[in-house]
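This report looks at nonpolar cores, a surface patch and aromatic pairs. Start with the structure below.

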Amino acid sequence: WDHGVSPVPGGMSPIDPTAVIRAGAQGGKFWCEVASKVTAELAASLGWPSRVVTASRSGYVWEHGVAELWSNQFGKWFVLDTDFNYVFEREGVPLSAFELSRDGPLLQKQGKLTVRRLAPRKPSLPDQDLIPYFAYIHVDLRNDWLSRPLRPGSPAGGDLSTWWTARSTV
C-alpha cells in the first residue's frame, strides 16, 4: 500500500494484518507504525523472531516506526523499513536499529552505509535520509501485538518490555 492515513480496519489495538493488507490492496494508505506492526506480525506468523522499533530525532516525539527481524545468517537483528522499503547495510551486512543509532552518522560520513531498496518507492513518500531519526530508539522486546494490544503510539507509549537508547552525541 501507499503511505497515508486511512482508518485502520478494526482499529489499532489490536491491529489485524490481514484486514490491513486487504484494505491496502483496495487503495487504503497507512503510515509507518501500521507497516511495522504488520511486518512484525507477518514475520512472527512465519516463525521469524520480529519486533517493532520506534525512532526519533529529539527523543520527545516518536517520528518513525520500523520492524526488526532476526537473521540466523548474520546472527543479529536487522531493520526492515516497510514504509520506505529500505534495509540499511554495512559491507553487505544488514544493520540493527541500535547500530543505526550508534554508528549510522559515521558510516554515512565514511561512505560505508548502503541503503538498499526492497520494493518500489511509494508514490506519496519521497526518499529521504532516515539516519537522523535513529538518534533515539525504543525497541519493543515483544511481538504479541494481536494477543496483548497496547495503546496507539506504543512502544513509545510505555510498555515495560521496551528498551531504549540514544546516540552518545545527542
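**Terms and model**

A residue is buried under 20% relative accessible area, exposed over 50%, and partly exposed in between. By that cut-off Trp77, with a relative accessible area of 22%, is partly exposed. The model is predicted.

**Nonpolar cores**

The largest nonpolar core has 19 residues. Val79, Phe88, Leu100, Leu113, Leu130, Phe134 and Ile137 touch the most other members. Strand E1 (50-56), strand E4 (86-90), helix H3 (97-109) and strand E7 (136-140) each supply at least two residues of this core. H3 gives the most, with 3 residues.

Beyond its neighbours within four places in sequence, Leu113 contacts several residues, including Phe88, Leu95, Leu100, Leu107 and Ile131. A second, separate core holds 8 residues, among them Val8, Met12, Val20 and Val38.

**Surface patch**

Phe98, Leu141 and Trp163 form a nonpolar patch on the surface. Together they have about 280 Å² of accessible area. Trp163 sits in strand E8 (residues 162-166). Its relative accessibility is 36%, so Trp163 counts as partly exposed.

**Aromatic pairs**

The whole structure contains 5 aromatic pairs. Trp1 and Phe30 pair edge-to-face, 5.5 Å centre to centre, with 90 degrees between the planes. Trp1 lies in the segment before helix H1 (17-25) and Phe30 in the loop between H1 and helix H2 (32-45), so the pair ties together parts 29 residues apart in sequence. Trp1 is partly exposed at 30%, whereas Phe30 is buried at 0%.

Trp70 and Trp77 also pair edge-to-face, at 5.6 Å and 75 degrees. Trp70 is partly exposed, at 31% relative accessibility. Ring pairs also link Phe84, Tyr86, Phe88 and Phe134 into a cluster.

Key. Residues numbered from 1 in each chain as written. Predicted model: local features only at pLDDT ≥ 70, side-chain atom pairs only at ≥ 80, totals over all residues. Heavy atoms only, no water. Core = buried A, V, L, I, M, F, W, Y, C linked by side-chain atoms within 4.5 Å. Buried < 20%, exposed > 50% of the residue type's maximum accessible area, 1.4 Å probe, protein only. Helix = DSSP H or I, 4+ residues; strand = E, 2+ residues; numbered from the N terminus. Contact = heavy atoms within 4.5 Å. Patch = residues over 30% accessible without salt bridge, like charges linked within 9 Å, V, L, I, M, F, W, Y side chains within 5 Å. Areas by Shrake-Rupley, 256 points an atom, 1.4 Å probe, with all protein chains shown as cover. Salt bridge = Lys/Arg side-chain N within 4 Å of Asp/Glu carboxyl O. Phe/Tyr/Trp six-rings, centres within 6.5 Å; stacked < 30°, edge-to-face > 60°.
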